[in-house]
There are 2 protein chains.
Amino acid sequence: MIATTDALVEGNHWRTDTMSWADVGWRAIAANVSDIAAMGARPRFALVALTLGTSLTPDALDCLVEGMAEACRAHEVRIAGGDTIRGRETNIAVTLLGEAASTSGDGLLLRSAARVGDAVAVSGHPGASASGLALIEARRATEAGVEPLLEAHRRPRARVALGRAAVEAAVRCAIDVSDGLLQDLGHIAERSGAGIEVDLDALPLHPAAIAALGLEAAREHALGGGEDYELALCGPAGALARLATAELPVTVIGRVIEAHRGEAWALASDGTRHIPAREGWDQLATKSPEA
Amino acid sequence: MIATTDALVEGNHWRTDTMSWADVGWRAIAANVSDIAAMGARPRFALVALTLGTSLTPDALDCLVEGMAEACRAHEVRIAGGDTIRGRETNIAVTLLGEAASTSGDGLLLRSAARVGDAVAVSGHPGASASGLALIEARRATEAGVEPLLEAHRRPRARVALGRAAVEAAVRCAIDVSDGLLQDLGHIAERSGAGIEVDLDALPLHPAAIAALGLEAAREHALGGGEDYELALCGPAGALARLATAELPVTVIGRVIEAHRGEAWALASDGTRHIPAREGWDQLATKSPEA
């Protein structure tokens, strides 16, 4: 049994002008499912401690709960309990319980299991969610072709099947890209005592993000944008490439090296180190789902 | 595996003028341990989603965390993970994972398992916590003899050993007295489809509460005061009485009857129904720890 907990608070983790209450509810569940997915485990039960803020209308509450229910259905999770109280600001603390194939080191994906010589891969199109948010903030959400980016922001899917396939393929190391690709790879680098080098040109940018925002902005969102819930994985290049499916690409983007232990960075094609415009999200997060 | 979640929010569940931050931390853990104890299970791991409010100083945070750690040590619980974020108001959502001897109906205490003819018992001295709070609010906390009541308010102990002993004695029904004795017995009455009658004169009032506040107030606190974390149990009178230990009295206070299904009430010695001054706490609580 694996357990993880994550709280979202009004004003800090969502803005009601860019997200519907249903999307907030979806995210509260998906963020926790993603932590379980990143360990290669199967999500089972959610417990929800919901603080109803003074600004939360009954209609908004209905939407919030419906969004949570939709995310639970999409990720095959059952809400098994909870506590509802009143406060000044709305706060959603979700605990998710999951099942690992085995709780020995072999049965879980860990942040600490990257090894020098491993390839580094990422699923899907990192930066899609941040690109979607940028378009919403710029009031460009109704433009043609941007729908996949809006969907990535509003209804991110946790990569449960990928995490489980990785465990079966004897991959040992993963993290979910929730704070930004470089920052999250930095967590692996720290925990594994190695350096992680990403090739800027290898990033699987979303075509819609390049089309709508240009290559530079799409890259910055891929390196520093949070809340994608894609998985970044370290392991043998062949094993990683074989994890790709028709629905979800898995792209090798870099390598684990001995130098610069504890750091993750991106290299431009001319071999210079790329300085990201934004490093990622700092939520004062001390997530430790590896319980 | 049993899981329960409970959130405490500043202003609603505690007041910093009557409780120290360490006591708040203690309570956040003890309230959840109590839910596990009331099921006859053994608490094991806690996950804490902590929202740091703007008024929480670094010193207050240290005290809060130390109080949580003390409660974990006292109840043999390990903090296995968490999430720390910033918000406007401090919010502590704790999820507790426990182990049941068995998750079949026989291995758990349930609110729904009271049967007509059962005796009703309560551990310890219900109302001690509310009496302690009343004394603190009346600025009488330094009076002689009130220390046990203050301790009951500030450092309530969850009744883990009692819950487990009850399961072993084939008792099937319990609840923790967190909202007030009559209200919590009412939950059993509703879930079990029976009536619960309490003898006013049988209540095991704390002698210090009678001495400091008088019989009437001590009774009201026993019937309607929350946060005692004593267990109320339904089962054969003999089995219940044998649960008492040198440290913790278990007193038969009433019976489960067929009439007035879904209600719990107290009878005065003249046979009239006692109208409590206060029914107990309504925290808008939809606790459902029976996951």
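## A buried tryptophan pair

W14(A) and W21(A) are both buried. In this predicted model, the rings of these two residues also form an aromatic pair. The distance from centre to centre is 5.7 Å, and the angle between the planes is 70 degrees. That arrangement is edge-to-face.

Chain B has a pair to describe as well. The ring centres of W14(B) and W21(B) lie 5.7 Å apart with the planes at 70 degrees, and planes over 60 degrees apart count as edge-to-face, so this pair is edge-to-face. Both W14(B) and W21(B) are buried. Over all chains, the structure holds two aromatic pairs.

## Overall build of chain A

Chain A contains nine helices and 11 strands. Its radius of gyration is 18 Å, while the globule rule gives 19 Å for 291 residues; the two values are close, so chain A is as compact as a globular protein of that length.

## Surface and charge

Of the 291 residues in chain A, 59% count as buried. The chain exposes about 11300 Å², and 51% of this area is supplied by carbon and sulfur atoms.

Chain A carries 26 positive and 39 negative charges. The mean position of the positive charges and that of the negative charges are 3 Å apart.

## One residue in detail: L240(A)

L240(A) is part of helix 9 of chain A, which covers residues 237-241. Is L240(A) buried or exposed? Its relative accessibility is 0%, and buried means under 20%, so L240(A) counts as buried.

Which residues touch L240(A), apart from its neighbours within four places in sequence? The contacts are A119(A), V120(A), A121(A), V171(A), L233(A), C234(A), G235(A) and V250(A).

L240(A) can also be compared with A166(A) in sequence and in space. The two residues are 74 residues apart in sequence, and the C-alpha to C-alpha distance between them is 7.7 Å.

Key
Residues numbered from 1 in each chain as written. Chains lettered and ligands numbered in written order. Predicted model: local features only at pLDDT ≥ 70, side-chain atom pairs only at ≥ 80, totals over all residues. Heavy atoms only, no water. Helix = DSSP H or I, 4+ residues; strand = E, 2+ residues; numbered from the N terminus. Rg over C-alpha atoms; globule rule 2.2 N^0.38 Å. Buried < 20%, exposed > 50% of the residue type's maximum accessible area, 1.4 Å probe, protein only. Areas by Shrake-Rupley, 256 points an atom, 1.4 Å probe, with all protein chains shown as cover. Lys, Arg positive; Asp, Glu negative; His and termini not counted. Charge placed at Lys NZ, Arg CZ, Asp CG, Glu CD. Phe/Tyr/Trp six-rings, centres within 6.5 Å; stacked < 30°, edge-to-face > 60°. Contact = heavy atoms within 4.5 Å.
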